[in-house]
Amino acid sequence: ISWFEYELPNLRRQLVLGGTAPDSVERVMREKITCMYRFLIRAESRAALLGELPECAAHLDYPASDAYMQQMATHDPASNWGSVEAPVLLLHGASDFVTSATEHAQLAAMLRQMRPDRAVMYAEVPELDHFLSRQASERASQDDPTGGLDRPYWGATLEPILDRWLEEVALPTPIAGTAGHPPA
């Protein structure tokens, strides 16, 4: 999906998780659509847009330049994935409030359709959030006052998944003359 389409359901989910009143959710979503459309699609500068619509500040707080974000908005992910030859492992933390499992599952399905002869694995990681820290739920991760990158790393939970992935993509038969070991 495009960046524009990606942001909208995630913002809606985050607002609901945060306990925003339904009528406020709709107002915020309308603002977001207006601000994103003008910034990402019409490629208006952030500064000019904020001068005209200061309420867009909360919706355009991207950690990248205008040019980068506007280029991202024109990016067609499906066309780029089609040229990937390598096996793909998609991971989603069950406590990730930033992105959704649905997006990851849809990407896995798209890749399996586009490249049925290539390994594609999708795994949901319990208690893992977007920042690779341990959280009990999406809400707990969203409410944690510790900045995402300042949270303790909990990547050890990925080891069984990575082991399974590596077994899946390993060569099915040993290389001749190597007693089952690939060359160094």
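A crossing of two helices is called left-handed if the near helix is turned anticlockwise from the far one by less than a right angle, and right-handed if the turn is clockwise.

**View 1. Helices α1 and α2 in the predicted model.** In this predicted model, helix α1, which covers residues 3-17, packs against α2 at an angle of about 155°, and the axes of the two helices lie 11 Å apart. Angles over 145 degrees count as roughly antiparallel, and α1 and α2 are therefore described as roughly antiparallel to each other. Where α1 passes α2, the crossing is right-handed. On the α1 side the contact includes Trp3, Phe4, Leu8 and Leu11, while the residues that they and their partners in α1 meet in α2 include Val25, Met29, Ile33 and Tyr37.

View 2. Arg38 belongs to helix α2, which runs over residues 22-41. The relative accessible area of Arg38 is 14%, and because buried means under 20%, Arg38 is classed as buried. When neighbours within four places in sequence are left aside, Arg38 is in contact with Ala43, Glu44, Leu49, Glu52 and Leu53.

View 3. Gln70 is found in helix α4, made up of residues 66-74, and with a relative accessibility of 15% Gln70 counts as buried. Apart from its neighbours within four places in sequence, Gln70 is in contact with Phe39, Leu40, Ala43 and Glu44.

**View 4. Leu162 in helix α8.** Leu162 has its place in helix α8, which spans residues 159-169, and with a relative accessible area of 35% Leu162 is partly exposed. From C-alpha to C-alpha, Leu162 and Ala67 are 35 Å apart in space, and in sequence 95 residues separate them.

**View 5. Confidence along the protein.** The average pLDDT of the protein is 89, and 92% of the residues score at least 70. Among the elements, helix α3 (residues 46-52) has the highest mean pLDDT, 97, whereas helix α5 (residues 77-81) has the lowest, 84. Over residues 174-184 pLDDT stays under 50, and the model has three contacts for this stretch beyond four places in sequence. Where pLDDT is low, predicted coordinates should not be read in detail.

Definitions and conventions. Residues are numbered from 1 along each chain as its sequence is written. This is a predicted model: local features need pLDDT of at least 70, side-chain atom pairs count only at pLDDT 80 or more; totals for chains, interfaces and linings use all residues. Side-chain values use heavy atoms; hydrogens and water are left out. pLDDT is the predictor's confidence in each residue, from 0 to 100. Helices (H or I, at least four residues) and strands (E, at least two) are DSSP runs, numbered from the N terminus. Contact means heavy atoms within 4.5 Å. Buried means under 20% relative accessible area, exposed over 50%, partly exposed in between (1.4 Å probe, protein chains only). Axes are lines fitted to C-alpha atoms, for helices over the stretch in contact, and angles run from 0 to 180 degrees between N-to-C directions. Angles under 35 degrees count as roughly parallel, over 145 as roughly antiparallel, 65 to 115 as roughly perpendicular and the rest as oblique.
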